[in-house]
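Please work through the exercises below with the sequence and the structure at hand, and try each task before reading its solution.

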Amino acid sequence: MLKRILFAIIALGTSGIAFATTPYAGKWEARFSGGDQGHCAIQIQVSGRLTGICHGRKEGNTPFQVAGFVRGSTIHFGIAETGAQFAGYLKGSHGKGTWRNTGDGGTWSVSKDA
């Protein structure tokens, strides 16, 4: 019985994810400034899942993997290796927000690649 309940919960939970879509799917380029400066190449899937790579000056332009999501017009992503967190919104082919890390922070903007 417990297995059936868990299966039903998983099936319902994943089916909602499969049908959720975002109009912001595609490749994006972000720039950030403040306590550090750099850029990110981001890919947003139709499901809203976000992946990509960021490079910052403080880390010697070392590439860091980013992961996050888009829900509605809200965007959130982070860098696990550094702890940096980015949050903001998207509108059309542009967006902006703020980022923070331990003792650091600033602003960022993003544009969709043509």
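Contact here means that heavy atoms lie within 4.5 Å. The model is a predicted one, and the exercises should be read with that in mind.

**Exercise 1.** Determine whether Lys27 is buried or exposed, and list what Lys27 touches beyond four places in sequence.

Solution. First locate the residue: Lys27 lies in strand β1, which covers residues 26–34. Its relative accessibility is 54%, and because exposed means over 50%, Lys27 counts as exposed. Beyond residues up to four places away, Lys27 touches Ile42, Gln43, Lys112 and Asp113.

**Exercise 2.** Identify the disulfide and say which strands hold its two cysteines.

Solution. The count comes to one disulfide, and this disulfide joins Cys40 to Cys54, with 1.9 Å from S to S. The link of Cys40 and Cys54 is right-handed, with 105 degrees about the S-S bond. The pair connects distant parts of the chain, since Cys40 belongs to strand β2 (residues 38–44) and Cys54 to strand β3 (residues 49–56), 14 residues apart. Both Cys40 and Cys54 are buried.

**Exercise 3.** Describe the two faces of β4 and the strands with which β4 pairs.

Solution. Start from a general point: in a regular strand the side chains alternate between the two faces of the sheet. In β4 the covered face holds Phe64, Val66, Gly68 and Val70, whereas the uncovered face holds Pro63, Gln65, Ala67, Phe69 and Arg71. On one side, β3 and β4 pair in the antiparallel sense over seven bridges, and Cys54 stands opposite Phe64. These two strands, β3 and β4, form a hairpin with six residues between them, where Gly60 in the turn has a positive phi of about 65 degrees. β4 also pairs with β5 in the antiparallel sense, over five bridges, and Arg71 stands opposite Thr74. The hairpin of β4 and β5 has two residues between the strands, and Gly72 there takes a positive phi near 65 degrees.

Notes:
Residues are numbered from 1 along each chain as its sequence is written. This is a predicted model: local features need pLDDT of at least 70, side-chain atom pairs count only at pLDDT 80 or more; totals for chains, interfaces and linings use all residues. Side-chain values use heavy atoms; hydrogens and water are left out. Helices (H or I, at least four residues) and strands (E, at least two) are DSSP runs, numbered from the N terminus. Buried means under 20% relative accessible area, exposed over 50%, partly exposed in between (1.4 Å probe, protein chains only). A disulfide is a pair of cysteine sulfur atoms within 2.5 Å. Two strands pair if DSSP finds at least two bridges between them.
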